[in-house]
There are 2 protein chains.
Amino acid sequence: MALFFGQSTDSVPSDWEAVCARRKRAQLDSIPKEWIIQLPPKDQLNVMDVPHQCGLLTELELEITETIDVQTILDKLRLAEWSSVQVTTAFYKRAIIAQQLTNCLTEIFVDRALKRARELDEHLASTGKVVGPLHGLPISLKDQFAIKGLETIMGYAKWIGRYAESDCVLVGILYECGAVPFVRTNVPQTLMWGETMNHVFGRTLNPYNLAFTPGGSSGGEGALLAMKGSCLGVGTDIGGSLRIPSAFCGLYTLRPSYERLPYCGAVNALEGQESISSVLGPMSNSISGVKIFTKAILDAEPWLKDPLVLRKGWNESEYQLSRHGGGKQLCFAIMWDNGVVKPHPPLHRAMNMTKRALKAAGHKGTVGFRCQWSGDRSNVSSLQVIDWENHRHLEIYKNAETIFAADGGHDYRSQCEGVEPLIQTMSPSTDSHENALDEPLVKSLVGDLYHRTAHEVWQLHTEKRGLRKSHLDHWQATVSRTGTGRPVDAIIAPAVAYTAVPHGLNTDSFYTTLCNALDYSCSVFPVTFVDPKIDDPHPPHRFYNHEDEHIYKFYNSDLFPGFPVALQLIGGTQEEEAVIGMTEIVADALKKLNDTA
Amino acid sequence: MALFFGQSTDSVPSDWEAVCARRKRAQLDSIPKEWIIQLPPKDQLNVMDVPHQCGLLTELELEITETIDVQTILDKLRLAEWSSVQVTTAFYKRAIIAQQLTNCLTEIFVDRALKRARELDEHLASTGKVVGPLHGLPISLKDQFAIKGLETIMGYAKWIGRYAESDCVLVGILYECGAVPFVRTNVPQTLMWGETMNHVFGRTLNPYNLAFTPGGSSGGEGALLAMKGSCLGVGTDIGGSLRIPSAFCGLYTLRPSYERLPYCGAVNALEGQESISSVLGPMSNSISGVKIFTKAILDAEPWLKDPLVLRKGWNESEYQLSRHGGGKQLCFAIMWDNGVVKPHPPLHRAMNMTKRALKAAGHKGTVGFRCQWSGDRSNVSSLQVIDWENHRHLEIYKNAETIFAADGGHDYRSQCEGVEPLIQTMSPSTDSHENALDEPLVKSLVGDLYHRTAHEVWQLHTEKRGLRKSHLDHWQATVSRTGTGRPVDAIIAPAVAYTAVPHGLNTDSFYTTLCNALDYSCSVFPVTFVDPKIDDPHPPHRFYNHEDEHIYKFYNSDLFPGFPVALQLIGGTQEEEAVIGMTEIVADALKKLNDTA
């Protein structure tokens, strides 16, 4: 994630704030009046309970939106126990509640979504058949996925009034699958932040504590899903943008490898940058949501519509861990600390819990997949956990950040130029257009910003390939330590070194960027919540760098109570199915641990 | 293929010719004295018969080297009917004959190869088991595939004396598969030519006529395989470098999609250029050679050693055309003319022959796969042939050539700088360091050479993605014309607009570059030979451009007698298995047509 941009833009017209305010008003006008709620008192920072308290949702709407397992919702839709109009209305109302509390949405198009839901209901009633595997399901989309006839503003004032002439490939496939795209969600200007704020739609807040960020860049999705204003959303990730908000908001996600899922027709930052590609992926309150989305899209043969997508459909055998000994004996490695930024105490506790859960589950031989596992549920006989040994992390980080900065910030500046100022910090306490960064690690790694030549970019690629080869060999060499006859099956690591932080404080993204640089497929899964009674500060360690010290120092167990703590599960390149399968095993083990605690 | 480089290098030391001559002498010294043959008279331009005439090969060695089907050789090796030492010696002797006639080799390492062959024989004798699927088979390699302890000069004087510290991934896998890498083969300086000449090893000649080029850049492989000095070779392709020599020398090849086969550790031109990636592929006198190589490498799970390789093993079901209606009804489209350069008359005849062969085979319902086809051999019931409609070819060509030239020739110049002059033309009749090109089409498309910025490269990528999407949609839309319920299964097109040409005349590479730009997997298959009695010149057409006119005018049926005429079969991205399967069907149909003629 690029956290520094060099000089700010010049020549911004004086009315840029009015232009943005006008668009924001139009958004407010798109909310049905009867869905406006009474806001809680200003000093109520945790708003997670408001959907229950505010009285807008019926009993059925509460039941629908609190059904965590996406498969259950799909089953009820298929059996017409719930209509798509009912389900879409329920999630839409809750999304609008979330919007009023956290400012998580961009495009709101209630009539259009309900019309679509009605058509699906009629189709089911008249034919007795569902349209596809996502029949009737409302799905939220990050503000990049173009829908015909709607704007896709993606946080840039200049993009106001750009109406899409066609659906992007993903949206087309979602329609084919029977889904109901129903809202689009907020992003940061430039997309290259782990927080979510832009001049058009403003800042998105974390519903666990409004003074905190939900993360970014898919932060609108994070806040929306945390409030259960959607059961399945789609975000994107080039340096952690799916995983940071999922970790900060207690969600599941999958960051697939480059070009596994269809990005074609979606808008993007750094358009045409292919050195480390942005990818799209699902975010959900359940791992079943992650699996259902991934399988539905891959089953639709997306390579017939997006020329960049790999010709590799959903592989059930890989999901059943055929390349991991059938899942009978697995060996995970824990990355306790990446050697760049030491994780805060709750993360350390979450890794310990996961280790304990896996060992317990393995010994008892009772762990199986949570959803739609067609094999023997007791086939996991052994779950080993060893320590991961770090390998060339700083070199990988430096290479990736240099690639992101290869155009010297040209793309960011040109999108803002003549329209709005470039945002230089996410901190609410300073002017966001002044560069307030105190020599972040990324700047010391990348050095001065300048626009690189094609030849220089090719040298970065050569270096990148060397690092990927070296890291792959390092991983393969773990075969000597696992006892399974295979290298480590997956790595368990923090997704971010901390839980959600106050706005402006999220600077580290290396635990996530590592996987973008190496193109390892990976998931995020929630483990526990910060508990001030047990998550005491650790004694100071020998700091790796200035940023590590800064991050260490702002930890205070009283600051973070109740925030979700999540981890990352890292598999090999293009191992999406196996990563989902292994995440189910880990989630099951954790559930058992919690149930017996 | 970049055919122009801007200004030539300065400051070349005066002894560069001596440096190259010394290395060339060392190559000559590496040939066993007893394998030196009496050369045919200077005016004998076709040397295809020399291996038979020269007396160096025994009856058995002739039998071995003239066994076209690679599977037959492997079977005899497995059954110990032939030892690997026998087979390797036979091909090595014939390769050295080819070297003396066509100058096709670079690295010669007889003792090392025979030692390896002996070890394999001993392994088989003592264990009764083969080491792997390529047990005992000698394989030739283009001068990019590093072998530990050997130089990889790749046509650059500067690279003399660079000894590899480890095997590239491909070579490592070939060893695991039991193969015997036995020679490396010549390339042009910079690799970016469709001919084969450099200052270190000189020019490679076409054994059908020594005044003609075997093509390039895998031209050493082309000449070697045409003379049956190898039964299976490995080349690379970024704009046609596998397909041009295969077409000019009457061979089969497969250009797989980006990152399907492991390139890691091989040296390359434009190192780090990832916009249009070079790929490696097999070249062989039989389609069985192409299939055996591809399957063996994919079965070895190359993604565990090369982080860029797709996690997609050999897919038998795709080979059996599961995505093409099980191969029962196929519809091919013929690209008679790409609208940029009109093919010479023999190419036109070859397309007509192929159309006739397919229609005949389809109607009779008797075509099946030639090798290892486990299904019903008579399951092809219908082979339709329609005309391909061209789509945005010049835009695609311009985008690709601009990408290849994005560094303004920096890479080529810096590899030569201070050591040798940059080669500017492949013509033997002018000084090869003077730019003798008469405004080629590529130059008019790309414009003046200059070094582009990262942002400019990203714009080229955006344009490229748009073109790929547009072309894919165009292909998918053929579903309305095929009558099979599917889009066209494959396109049949020339690989080059002409058969092999005199040295210096090969300027067009668009029929091949189209597939690199769009990343379509494709094969080349031989169809017939130029027949001066029937391949009369066509009347002049309205020329598309200066180059088209030039190419039209040099056709003269008397110039090309007996040269192989080959075509290209183009499938979708990452459809390697299906492309091989469909090439087998086409080759079978052509064989039947020839048998009944």
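Biologist: Is Ser288(B) buried or exposed?

Modeller: This is a predicted model, in which local features need pLDDT of at least 70 and side-chain atom pairs count only at pLDDT 80 or more, while totals for chains, interfaces and linings use all residues. Residues are numbered from 1 along each chain as its sequence is written, chains are lettered from A and ligands numbered from 1 in the order in which they are written, and side-chain values use heavy atoms, leaving out hydrogens and water.

Ser288(B) is buried, at a relative accessible area of 3%. Buried means under 20% relative accessible area, exposed over 50% and partly exposed in between, with a 1.4 Å probe and protein chains only. The residue sits in helix H10 (residues 287-299) of chain B. Helices (H or I, at least four residues) and strands (E, at least two) are DSSP runs, numbered from the N terminus. The side chain of Ser288(B) makes a polar contact of 3.0 Å with the side chain of Ser286(B). A polar atom of the Ser288(B) side chain also lies 3.2 Å from the backbone nitrogen of Val70(B). A polar contact is a pair of N or O atoms within 3.5 Å; within protein, one must be able to donate a hydrogen and the other to accept it, and residues adjacent in sequence count only if both atoms are side-chain atoms.

Next, the sheet of chain B. Strand E6 (residues 232-237) and strand E8 (residues 279-284) run antiparallel and are joined by six bridges, with Leu232(B) opposite Ser284(B). Two strands pair if DSSP finds at least two bridges between them. Both strands belong to an open, mixed sheet of eleven strands, ordered E1-E3-E2-E6-E8-E7-E12-E13-E11-E9-E10. Strands E1 (105-108) and E10 (382-387) stand at its edges with a single partner each, so one side of each has no neighbour in the sheet. From one strand to the next the twist averages 30 degrees; axes are lines fitted to C-alpha atoms, and angles run from 0 to 180 degrees between N-to-C directions.

In chain A, an unreviewed UniProt entry annotates a "binding site" at Leu191(A), Ser217(A), Ile238(A), Gly239(A), Gly240(A) and Ser241(A). These residues spread over 51 residues of sequence but cluster in space, with a largest C-alpha distance of 10.9 Å. UniProt positions follow the numbering used here, feature names are shortened, and annotations may be inferred rather than shown by experiment.

Ser217(A) lies in the loop between strand E5 (202-203) and helix H8 (219-226) and counts as buried at 1% relative accessibility. Beyond four places in sequence, Ser217(A) touches residues including Leu191(A), Ser241(A) and Lys142(A), where contact means heavy atoms within 4.5 Å.

Leu191(A), buried at 4%, is in the loop between strand E3 (180-185) and strand E4 (197-198). Six of the six residues of E3(A) are buried. Strand E2 (residues 138-142) runs parallel to E3(A), with five bridges, and strand E1 (residues 105-108) runs antiparallel to E3(A), with two.
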